[in-house]
Amino acid sequence: MNIRHELPNGLRRFLLTPLVLCLTACAVPRGAAAPVTLATNQPNVVAYWNDIANKTVLATSSAVNTTPEEQRPTYFSDLAGVHVAMYDAVVAVEGRFKPFAFKPTAPAAGASTDAAVSAAAYGVLKALFPNRSAHYEAGYEQRLAALPDGPAKTKGLALGREVAEAVVRLRANDGRSVALAPYVSGTAPGQFRSANPNPVFRYFPSIKPFALNGLDQFRPAPPPALSSAAYAAAVNETRALGGTISAVRTPEQLEIARFHTEPPPSAVTRNLGRFASSTENVGDAARLMAVIYVSFADAIGACFEAKYHYRSWRPVSAIQMADADGNDATVPDATWAPSLPTPNHPEYPAAHSCTSGSLGEVLRNFYGTPKVTFTWDSTVTKTTRTYAGIDAFNAEASMARIHGGMHFRHATVAGETLGREVAQWIGQRHFGRED
């Protein structure tokens, strides 16, 4: 099919309506704080252990008799546990904020913050990944060797160990080991067709949340009906912008779409690590990273709960089989293919938007402004991009998935909203100042 045709009226209105292009990111900023530009070169003990934890969680291992975490490492949940432990250890020593999971009984007066954080992070990693000690044992010994011996160090270590044990108990049997029945792909119009018998990340909705009452708590409304004008506009937009051949997508837009295709475990852990080194203040770094990862973990869990609840088909199926959707405003194209590979899990909502929405809301709440400038990089394009505010990041993450031909706009809007709602709810109930 020759795609160099006049865009349908519904699509033209959809593309040109500023309100739609703005998504939910154009909400009026809350608070009057000054714009913030984050540095990434402020060393502290939280950043130190974040790097070690990343390497541990992402490492490969051939060990037998392994823990559930070693058998099925889940970076967002495992790192959230490490950061919760570091946060609660700092709070126990320094006060200022409410603990998230546990308040230790070990004496805190005069305890070393560095020792407490190190013992907390080390304790969680050792319990979850005992067969990956090569990634954290030497780092622990080196960190402790740099601290002077004495009561402060002793108290800090005792406090950190107690916190680690409590967090490990709290997250024990978290649901990741669930045994799932074989997946059956849909056959009706609108239903997800799996690329093989095993769509990915089906176990995510079985992992218990860190803070939410349930992963369905913020489940979005269903996607637009196949017969609706909204559905047709979304299909025609992705068809025009996201195919392997496009008369309206620019080379820059395709490059940005590629930028956002690095696998999340490496892309997310590396880029979120920058926030750990954005301040020398250990308490602030611990709090920021804990709320980022707890919100991220619950947002991605809620996102996949919704994905596997609705089991919506991807654009490649929707466009190739448009003659079956009952919508006269869509036209089938059996040769259409997405410009970039489509992940093998259901379409709605969009996971990248779930997590970008979560991160954006955390930064907005933490700094009191949406004007937080930060950088992100990608090993796919080998480039670094700077975002002058969270709205720019969210908007780009949304359009990248459309330009890649992987998602419809309603999925990115729903995903960003879900992520923001999760982070808002967590921020209102946790990580607040001590009364």
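The largest pocket of this predicted model holds about 820 Å³ of space. A pocket here is an open set of points on a 1 Å grid over the protein atoms alone, where a 1.4 Å probe fits, with protein on both sides within 12 Å along at least five of seven lines; its lining residues have an atom within 4 Å of a point. The volume is the space filled by probe spheres set on the points, which are joined across faces, edges and corners. Of the 42 lining residues, Glu-262, Pro-263, Pro-264, Pro-265 and His-352 are the closest to the centre. Elements giving two or more residues to this lining include α11 (264-276), α12 (282-310) and β2 (372-378); helices (H or I, at least four residues) and strands (E, at least two) are DSSP runs numbered from the N terminus.

Strand β2 pairs with β3 (residues 383-388) in the antiparallel sense over six bridges, where pairing requires at least two DSSP bridges. Thr-375 stands opposite Thr-386 of β3. Four residues separate the strands of this hairpin, and Lys-382 has a positive phi near 55 degrees.

Trp-376 and Phe-374 are among the residues that touch the most other members of the largest nonpolar core, which has 97 residues. Such a core joins buried Ala, Val, Leu, Ile, Met, Phe, Trp, Tyr and Cys residues through side-chain atoms within 4.5 Å, buried being under 20% relative accessible area (1.4 Å probe, protein chains only). Helix α12 supplies its largest share, 18 residues. Apart from this core lies another of eight residues, including Trp-313 and Ile-319.

Residues are numbered from 1 along each chain as its sequence is written, and side-chain values use heavy atoms, without hydrogens and water. Local features need pLDDT of at least 70 and side-chain atom pairs count only at pLDDT 80 or more, while totals for chains, interfaces and linings use all residues.

How values were computed
Buried < 20%, exposed > 50% of the residue type's maximum accessible area, 1.4 Å probe, protein only.
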